[in-house]
Amino acid sequence: MLKYTCPHCGKKTFNPLQKALCGNMTSNGRQCSECGGWCVNGKPALIAGTVLSLIGMAAILYTFFTFRTMRDVVIFGVIPMAATLILRFLFNMFFGKLIPRLKKI
Ligand SMILES: [Zn+2]
């Protein structure tokens, strides 16, 4: 099984799903099961997330101005939004590295 390395202790403690749940650099992240260090996805996840959000927003705006009925707006607005979220999640699962959490609580 594919595992990702914890940036704190160097052990492979995160599976793709756990890595995706770490969120990006602005999230709280998740704790390593080995050392308890908090981890988040690094810059590539943040950049991909931003780009995907922009594409999603553009798709929603485009839909808003091109479709006539409210139903179309809902259907074609929700699909790009859901697709954006799914793609971000998949990106975080399989791309980029984990880094120590930057945010202090
Ligand atoms: Zn660790």
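**Sheet and helix pair of the predicted chain**

Cys-39 has Pro-100 as its bridge partner in strand 5. The model is a predicted one, in which local features require pLDDT of at least 70 and side-chain atom pairs count only at pLDDT 80 or more, whereas totals for chains, interfaces and linings use all residues. Residue numbers start from 1 along each chain, as its sequence is written.

The chain contains three helices and five strands, where helices (H or I, at least four residues) and strands (E, at least two) are DSSP runs numbered from the N terminus. Read from the N terminus, the order of the elements is β-β-α-β-β-α-α-β. The chain is more spread out than a compact globule, because its radius of gyration is 17 Å, well over the 13 Å that the globule rule gives for 105 residues. This radius is taken over C-alpha atoms, and the rule is 2.2 Å times the number of residues to the power 0.38. Along the principal axes, the C-alpha atoms fill a box of roughly 55 × 30 × 20 Å. Of the 105 residues, 22% count as buried; a residue is buried if 20 or more other C-beta atoms, placed from the backbone, lie within 10 Å of its own, exposed if 12 or fewer do, and partly exposed in between. Among contacts with a separation of 6 or more, 55% involve residues 24 or more positions apart, a contact being two residues whose C-beta atoms, placed from the backbone, lie within 7 Å.

An open sheet is formed by three strands in the order 3-4-5, with antiparallel pairing. Its edges are strand 3 (30-31) and strand 5 (98-100), each of which pairs on one side only. Strands are taken to pair if DSSP finds at least two bridges between them. Two bridges connect strand 3 and strand 4 in the antiparallel sense, and Gln-31 is placed opposite Trp-38 of strand 4. These two strands make a hairpin with six residues between them, and in its turn Gly-36 has a positive phi of about 80 degrees.

Helix 3 (residues 70-94) comprises 25 residues and reaches 36 Å from its first C-alpha to its last, close to the 36 Å expected at 1.5 Å a residue; the expected span is 1.5 Å times one less than the number of residues. Just after this helix, Gly-96 adopts a positive phi of about 75 degrees. Thr-84, Arg-88, Phe-91 and Asn-92 are the buried residues of helix 3, and they pack against helix 1 (16-21), strand 4 and helix 2 (43-66).

Helix 2 and helix 3 pack at an angle of about 170 degrees, with their axes 9 Å apart. Axes are lines fitted to C-alpha atoms, for helices over the stretch in contact, and angles run from 0 to 180 degrees between N-to-C directions. The two helices are therefore roughly antiparallel to each other, the class for angles over 145 degrees.

Leu-17 belongs to helix 1 and counts as exposed, because it has 10 C-beta neighbours inside 10 Å. Leu-17 and Ala-45 are separated by 28 residues in sequence and by 14 Å in space, C-alpha to C-alpha.

Definitions and conventions:
Parallel < 35°, antiparallel > 145°, perpendicular 65-115°, else oblique.
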